[in-house]
Amino acid sequence: MSALIEVSRDGPVQVLRINRPDKKNALSGEMYEALSDAIAAGDADDSVSAHVIVGVPGAFTAGNDIADFLAHSKGSGGVTPVLRFIQLLPRVKKPLLAGVDGVAVGIGTTMLFHCDLVYASDRAKFSTPFLDLGLVPEAGSSLLFPRMMGYARAFELLVLGNVFNSEAARAAGFVNAVVTADELETTVLTAARRLAAKPPEALRLARRMMRGDADVIAQRVDEEAVEFKRRLASPEAREALSAFLEKRPADFAKLAKKV
Ligand code: COA
């Protein structure tokens, strides 16, 4: 349970709202646990037919809490809740939908590649600044991004660090439709209700066949996680994460001088 993840029901649809507006919905360990618990419980509950993830106005999520990353980088704290969440994503049993308004950074974008339907407001912004933080892609993104949008566009988003607006995300294929912020939640809930009314067994089989082998995706999640954990402890990541919290530009040149 976390007060920062609101779990509610819209009939057969389970709605998970990330609700930490003062930190742009950055995800702490407790919040990852709450998301994983709710998805696992919904998957096991016959009265739930679909999961919907939304944020608050202007923030889907700013990604992993950078203070948590820094704590881990210095040897305290743990990434276990993050790992549990990203290992669960390829294995979610019921349709997963997202409604994205505002910033979707890091896991805020990578989790969308595990969704069946994604709707975005016209002011949504998608980015995965792993490289600039001295980190590597996570949540299966090194496999799923190129698979969905081709290597060239995936490289721009995942390595170059370009920010995609909603239209670019739609053109790249990971957003179904762009609507106004006011229309967003109605749009995603309407789609979730339509899915909830489908014959469940046929839906389960269709998803399984279309999503590809979950074991292959899960294996990539684990491979990335090994590198990600190593990188978190690197001087580059420590500098980038400290710089964000200290509200200053990162200085990687000073690290090179020490070598
Ligand atoms: N972790 C921890 N705190 C975060 C955060 C994160 N990922 N993202 C934002 N915050 C905090 C800011 O430190 C700030 O806190 P403060 O008010 O106590 O100073 C607050 O949320 C508002 O953020 P701010 O940067 O002022 O908002 P903005 O609208 O100017 O920019 C972002 C929004 C998301 C573009 C910017 O906050 C950002 O780049 N965040 C980091 C994203 C990131 O790198 N995530 C990790 C991906 S792996």
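How many nonpolar, polar and charged residues are in the shell around the ligand? By class, that shell holds nine nonpolar, two polar and five charged residues. Here Ala, Val, Leu, Ile, Met, Phe, Trp, Tyr, Cys and Pro count as nonpolar, Asp, Glu, Lys and Arg as charged, and the others, Gly among them, as polar. Keep in mind that this is a predicted model, where local features need pLDDT of at least 70, side-chain atom pairs count only at pLDDT 80 or more, and totals for chains, interfaces and linings use all residues. Residues are numbered from 1 along each chain as its sequence is written, and side-chain values use heavy atoms, with hydrogens and water left out.

**Around the ligand**
- The ligand is surrounded by 16 residues, with Lys 23, Ala 62, Asn 64, Ile 66 and Lys 247 the closest; being near takes a heavy atom within 4 Å.
- Lys 23 has a side-chain N or O atom 2.7 Å from an oxygen atom of the ligand.
- For Lys 247, a side-chain N or O atom is likewise 2.7 Å from a ligand oxygen atom.
- Ile 66 uses its backbone instead, with an N or O atom 2.8 Å from a nitrogen atom of the ligand.
- On its own the ligand has 870 Å² of accessible area (Shrake-Rupley method, 1.4 Å probe), and the protein covers 66% of that.

**The pocket**
- You'll find the ligand sitting in the largest pocket, meaning more than half of its atoms lie within 2 Å of the pocket's grid points.
- A pocket is an open set of points on a 1 Å grid over the protein atoms alone, where a 1.4 Å probe fits, with protein on both sides within 12 Å along at least five of seven lines; lining residues have an atom within 4 Å of a point.
- The lining of the largest pocket has 25 nonpolar, five polar and nine charged residues.

Notes:
Polar contact = N/O pair within 3.5 Å; in protein donor to acceptor, adjacent residues only side chain to side chain.
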